[in-house]
Amino acid sequence: MEKTVDTVSSVSISRRGREMQSSPIRKLAAIAEARKKKGIRIYHLNIGQPDLPSPSPVLEAVHSFSKKTIEYAPSNGLPEPLSAWKKYFAHFGIQFDESELIVTTGGSEAITLALCAVCDAGDEVLVFEPSYANYFGFAGIANVKPKAIPTTIENGFHLPSEDVIESYINEKTKAILYCSPSNPSGTIYSRDEIQRLVNVAMKHGLFILSDEAYREFAYESNALSIADFPEVRDRAIVLDSCSKKFNVCGVRIGVLASHNKDVVSTILKFCQARLSVATVEQLAMVPLLEDPDKYSNPIVEEFRKRRDLVCSELKEIPGVVSYKPEGAFYIVVGLPVKDTEHFARWLVEEFEYEKETIFMAPAQGFYVTPGKGTNEVRLAFMLKIEDLKRSMIILREALKAYNTASR
Ligand SMILES: Cc1ncc(COP(=O)(O)O)c(C=O)c1O
């Protein structure tokens, strides 16, 4: 017999669930799809999904997996991928033992677990804005508050002084989370800048979570790792990912590395709860991690050409404020419009130049502070050179049309 109840109480979503923002970049995607159906070609400058083919050993490894059962891997990772990650880091002069590494489901899981390991609910983590927008999402999952320290386009989004950084610290601050090379700005922090973070972390007892997912995308000089600063050996956590460097975003393989045994053993407990990372994909990364230059160099060189092209084209567009990003494959650009959310939507929804338009990410989504980034967009260099050239022509024409119409 069915049970009946006298009263029915409503259910409600958690506060952190309600407060979580949906992805700012994907907001316009549905509109873009509808527009394409009307015959308008859209150049996507909005996403960080590289357009190049994945290296063939990955595809071969997936096809040739020969075991009868795809078993769970150990929670910290399979032995072969762990020693491949050790080799990978050693290639950059960074020494980690296998016991100091944990294979994760992408860099995303590494960052989320690191936040969970070093912060309690309600604690604060320092980030630099504009910031990788998913940091806000990871912080939301971990119930941690991202505290934004501003950086500006005028100096290519480089870090402020130690004093300024310190002024954002309070009793709830537990860590600094940053990425260099940076998404969304492409900025690479110098030795002196990272030293500022190291000094502040030492003085105030903070962990440093260093997201090094774009390590290889360094066009002027090598990007430094936080592991290059021995004084923070006890408090540094390196977060890395195969997604971009090897053009394999869908394999979902990342890593977390730390010399701090408590950090590693704590994160391992979280990992035991989520059981393991995909077995076949972990193994498929081994040949790439063992010979990283072979697979990442061609990718990086292609993006260098794209960066150079976009930078020189942007300089020629009246009213545009830009700089030369030292790394990654993004740039945050200042545009001569009041509200880039409106402009980006107008581009996707209404504008066309010879039946073509562009899709850009409004930069507001990369800022914690309301009202910031309203005249900025992030461009990702995900298109072939000819398409990027065409996109820059469309941007120039669009700015002319938009500003004439709104005058
Ligand atoms: C700065 C940064 N960190 C981490 C990630 C996460 O990468 P994944 O989870 O694909 O390894 C990304 C992805 O775009 C990123 O841009």
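An open sheet of three strands runs in the order β9-β12-β11, with antiparallel pairing. The strands β9 (330-334) and β11 (361-362) stand at its edges, each with a single partner strand, so one side of each is left without a neighbour in the sheet. This is a predicted model.

**Sheet pairing**
- Strands in a sheet pair through backbone hydrogen bonds, in parallel or antiparallel fashion.
- β9 and β12 (residues 376-380) run antiparallel and are joined by five bridges.
- V332 has its bridge partner in β12, namely R378.

**Nonpolar core**
- The largest nonpolar core holds 120 residues. A114, L115, A175, I176, I208, L209 and L256 touch the most other members.
- Helix α5 (residues 106-118) gives this core its largest share, seven residues.
- Domain 1 (18-52 + 294-405) and domain 2 (56-62 + 70-291) both contribute residues, so the core lies between them.
- L256 touches I102, T104, A110, L113, A114, I237, L239 and I267, leaving aside residues up to four places away in sequence.

**Overall fold**
- The protein has 14 helices and twelve strands.
- Its radius of gyration is 22 Å, close to the 22 Å that the globule rule gives for 407 residues, so the protein is as compact as a globular protein of that length.
- Along the principal axes, the C-alpha atoms fill a box of roughly 70 × 60 × 55 Å.
- Of the 407 residues, 46% count as buried.
- Take the contacts between residues at least 6 apart in sequence: 77% join residues at least 24 apart.

Key
Residues numbered from 1 in each chain as written. Predicted model: local features only at pLDDT ≥ 70, side-chain atom pairs only at ≥ 80, totals over all residues. Pairing = 2+ DSSP bridges. Helix = DSSP H or I, 4+ residues; strand = E, 2+ residues; numbered from the N terminus. Core = buried A, V, L, I, M, F, W, Y, C linked by C-beta atoms within 7 Å. Buried ≥ 20, exposed ≤ 12 C-beta atoms within 10 Å, placed from the backbone. Domains from an automatic or database assignment. Contact = placed C-beta atoms within 7 Å. Rg over C-alpha atoms; globule rule 2.2 N^0.38 Å.
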